[in-house]
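Subject: Structure handover

Hi there,

Here is the structure I promised to pass on. Please have it open while you read, and my notes follow just below.

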Amino acid sequence: MAAGRPEDEDLGERSRTARPTTESDRVEASRLWHITLSVSGAEAPLREVRRALEQLAHDHPFLLTSRYANDHAEIRYWEEARDLHDAAAVALRLWGEHRSTAKLPPWEIVGLEVIDRETYHQRIAEGYGPPPAAPVGVHPF
């Protein structure tokens, strides 16, 4: 950049007079996001899949419901995050981070839906969204 250009002077003036950023400026309000994570892979014994998903629910207390078969599962829960990107990033790490502790099958993530709370409730009210996660817990498909 060449010195003396008007835009350089404006930038310099703005940076000297800008209000310092405070912690409250950086902290954005978090929101609730409804997560649906789908995983699948090679067949595993149903008893082991159920036990692993129950352990995951114990390890991740916000887990609402899991549905499973011997080669796939769907996990639904609420995540608190600043924005969709953060919620999706946490969701995409969930299976891998708990794979060894919960003894989850070595399945891969094949689907992810992240919607905000308002959209979730709007879908339910209009009758085209997923049914509410009831009963809560781990259930076969």
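A nonpolar core, as I use the term here, is a set of buried Ala, Val, Leu, Ile, Met, Phe, Trp, Tyr and Cys residues joined through side-chain atoms within 4.5 Å. Please keep in mind that this is a predicted model.

With that in hand, let's start inside. The largest nonpolar core has 25 residues, and the members that touch the most others are L53, L56, I75 and W95. Two or more residues each come from β1 (31-40), α3 (46-59), β2 (63-68), β3 (72-81) and α4 (84-98). The largest share belongs to α4, which gives 5 residues.

Beyond its neighbours within four places in sequence, L56 is in contact with L63, I75, L94, W95, H98, A102 and L104.

Next, the two helices α3 and α4. Their axes are 11 Å apart and the packing angle is about 115 degrees. The crossing of α3 past α4 is right-handed. On the α3 side the contact is made by L53, L56 and D59, which meet L94, W95 and H98 of α4. By type, the residues of this contact are 4 nonpolar, 1 polar and 1 charged.

Now for the sheet. It is open and made of 5 strands in the order β4-β1-β3-β2-β5, with mixed pairing. Because β4 and β5 (137-140) stand at the edges with a single partner strand each, one side of each has no neighbour in the sheet. From one strand to the next, the twist averages 15 degrees. As a reminder, strands of a sheet pair through backbone hydrogen bonds, either parallel or antiparallel. In the case of β2 and β5, the two strands run parallel and are joined by 4 bridges. For an example to look up, T65 has G137 in β5 as its bridge partner.

Two helices to view against the sheet: α4 packs on it, touching β1, β3 and β4, and the direction of α4 makes about 150 degrees with that of β4. Helix α5 (residues 117-126) lies across β1, β3 and β4 and runs at about 90 degrees to β4.

While you are in the sheet, have a look at E74, which sits in strand β3. Is E74 buried or exposed? Its relative accessibility is 16%, so E74 counts as buried, the cut-off being under 20%. Leaving out residues up to four places away in sequence, E74 touches T36, L37, S38, T65, S66, R67 and F141.

A102 counts as buried because its relative accessibility is 0%, whereas K103, at 59%, counts as exposed. K103 also has a positive phi of about 55 degrees, although K103 is not a glycine.

As for the surroundings of A102, residues up to four places away in sequence aside, A102 touches R51, A52, Q55, L56 and D59. The C-alpha atoms of A102 and E54 are separated by 8.3 Å, and these two residues are 48 residues apart along the chain.

Best wishes

Notes
Residues are numbered from 1 along each chain as its sequence is written. This is a predicted model: local features need pLDDT of at least 70, side-chain atom pairs count only at pLDDT 80 or more; totals for chains, interfaces and linings use all residues. Side-chain values use heavy atoms; hydrogens and water are left out. Buried means under 20% relative accessible area, exposed over 50%, partly exposed in between (1.4 Å probe, protein chains only). Contact means heavy atoms within 4.5 Å. Axes are lines fitted to C-alpha atoms, for helices over the stretch in contact, and angles run from 0 to 180 degrees between N-to-C directions. A crossing is left-handed if the near helix is turned anticlockwise from the far one by less than a right angle, and right-handed if clockwise. Ala, Val, Leu, Ile, Met, Phe, Trp, Tyr, Cys and Pro count as nonpolar, Asp, Glu, Lys and Arg as charged, and the others, Gly among them, as polar. Two strands pair if DSSP finds at least two bridges between them.
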